[in-house]
Amino acid sequence: SLVFKLLAFIFFYMTVSLQLKILGTEIYGVWATLLSIVTWIVFFDLGIGNGLKNYLTKAINSNNIVEAKRYIATGYLTVIVISFVFFAAILLLASTYNLNEVFNTNVLSDSQLKKAVILLFLFICIHFVLGFVKQFIFAVQKNSLNDMEQCLFFVILFCGLFTLSFSKTANIFDIIIIYGAALIVGKVVLTLLFFYLYKELLPSFDCIRKSIIFKLVSLGGVFFILQLVSMFILLSDRFILTQLIGPKSVTEYDVIYRMLSVFLVLHSIVNAPMWSAYTEAYSKSEFQWIKKSIFKMNSLVLLFIPCSIVVYIFYNDILFLWLGKDLVVSESLVASMCMLVLILSWCNNYAFFLNAINRLKIQLFSLLFGAVIKIPLAYYFVSVLDLGVSGVVYSTVIALSFFAIAGPIEYKILMRSSK
């Protein structure tokens with residue numbers, strides 16, 4: 001995982017500079033906003049993925065292969081139907097609304113924006129079905145395979161963008177095609193590799209069960225609401241910036257977020273496999289192991305604090321080395337983004353544990369409250385206090401802070417009651 005993550009990290013940062021070079025500042029802002037919206041659709045599986053991951057982990061740990069195959073087959077059918085419905089919805093919405101007003105830009109015509117949105121979401125819906133295999137990999141606790149696929153995606157994306165950078169006629173449609181192709185190729189390779197290694201889990205049509213659909217949707221419904229709320233808090237920043245300030249501000253935000261996301265990448269190397277591990281450990285009452293794991297994850301976040309201070313001090317030099325040019329960025333944006341990355345890592349430590357054991361209510365209510373106050377806070381910080389881009393980031397930090405407090409409290413209550 002570490003090797004693949006580091007390689008993906010290197011190619012990821014090189015792709016950002018290439019995209020900025022090809023598209024320019026304003027169109028890159030539109031592209032970054034599009035990608036943030038796209039991320040939402042990945043979670044429009046009604047939480048099926050996370051629900052399946054928990055059930056599949058238990059089935060595999062109890063060596064119930066027949067039941068595991070039923071979960072896989074039924075899960076695939078469900079996400080195919082959901083993908084079809086959402087793509088139809090995207091077609092309807094794209095044809096109904098004036099996208100120049102939605103993205104607050106005239107750098108692309110409405111027809112060009114419509115074509116870009118439809119093409120991108122077509123790729124995303126295909127990726128959504130093919131990418132469902134990642135949940136199976138989490139269940140068998142072989143997360144390095146997911147990291148390998150992520151690395152492959154960025155390598156393919158970089159090669160395509162590097163070739164495209166020599167073209168004088170390159171545009172956003174070319175980038176969408178390269179991005180979509182990289183997504184699909186990576187997921188096809190991952191799917192073939194998984195079922196080659198785990199032939200016994202290869203499902204068939206007769207494995208589909210109606211009862212499992214209702215079971216997945218029942219638990220998945222809560223996961224879906226939780227994911228929708230958390231994604232609104234995290235991914236609405238770019239859209240809010242587009243509306244309040246303009247697409248160019250999204251470029252500033254996106255570059256700084258990606259610069260500091262190195263901490264999120266390092267955190268995910270350790271944290272990503274923990275979900276299924278927590279599910280298994282909790283079912284076996286291995287509470288001491290859970291406590292030690294949470295302590296280690298919190299220690300990692302504390303280690304990020306001095307590292308983020310170093311990045312804050314030298315951010316201009318880092319940006320110049322990375323992008324090859326000066327980019328005017330306010331110190332307050334870098335400071336607020338450091339806070340966001342730290343609080344997000346802290347929240348993920350407890351969210352992964354609580355999600356793994358299906359304890360979702362406290363998390364849902366605290367994040368829902370944060371989501372309700374986020375837009376008014378962002379508007380107040382930007383329009384009244386004139387904090388600019390950093391004002392939107394501060395609104396996200398405050399929105400997450402409620403779960404940052406409630407999550408550890410619920411965890412401690414669970415550990416005390418489990419003695």
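Colleague: Where do D110 and K114 lie?
Modeller: In this predicted model, D110 and K114 both lie in helix α6, which covers residues 110-130, and they are four residues apart, about one turn of the helix. Their side chains meet in a salt bridge, at 2.6 Å from N to O.

Colleague: And is K114 buried or exposed?
Modeller: K114 has a relative accessible area of 17%, under the 20% cut-off, so it counts as buried, whereas D110, with 22%, is partly exposed.

Colleague: How many salt bridges are there by this rule?
Modeller: The count comes to eight. One of them joins D254 to R258, with the closest N and O atoms 2.5 Å apart, and these two residues both lie in helix α11, residues 247-271. D254 and R258 are both buried, and together with R238 they are linked in a network of salt bridges.

Colleague: What about R359, which residue does it pair with?
Modeller: R359 forms a salt bridge with E410, the closest N and O atoms being 3.5 Å apart. This pair links distant parts of the chain, since R359 is in the loop between α15 and α16 while E410 is in helix α17, 51 residues apart.

Colleague: Switching to helix packing, how do α8 and α9 cross?
Modeller: The axes of α8 and α9 come within 9 Å and cross at roughly 150°, and the two helices are therefore roughly antiparallel to each other. The crossing is right-handed.

Colleague: Last one, which residues form the nonpolar patch on the surface?
Modeller: The patch is formed by L244, I245, Y379, Y380, V384, L385 and L387, with about 620 Å² of accessible area together. Helix α16 gives the most to it, with three residues, while L385 is in the loop between α16 and α17.

Terms used:
Residues are numbered from 1 along each chain as its sequence is written. This is a predicted model: local features need pLDDT of at least 70, side-chain atom pairs count only at pLDDT 80 or more; totals for chains, interfaces and linings use all residues. Side-chain values use heavy atoms; hydrogens and water are left out. Patches are made of residues with over 30% relative accessible area and no salt bridge: like charges are joined within 9 Å, nonpolar side chains (Val, Leu, Ile, Met, Phe, Trp, Tyr) within 5 Å. Accessible areas come from the Shrake-Rupley method with a 1.4 Å probe; for residues, only the protein chains shown count as cover. A salt bridge is a side-chain nitrogen of Lys or Arg within 4 Å of a carboxyl oxygen of Asp or Glu. Axes are lines fitted to C-alpha atoms, for helices over the stretch in contact, and angles run from 0 to 180 degrees between N-to-C directions. Angles under 35 degrees count as roughly parallel, over 145 as roughly antiparallel, 65 to 115 as roughly perpendicular and the rest as oblique. A crossing is left-handed if the near helix is turned anticlockwise from the far one by less than a right angle, and right-handed if clockwise. Buried means under 20% relative accessible area, exposed over 50%, partly exposed in between (1.4 Å probe, protein chains only).
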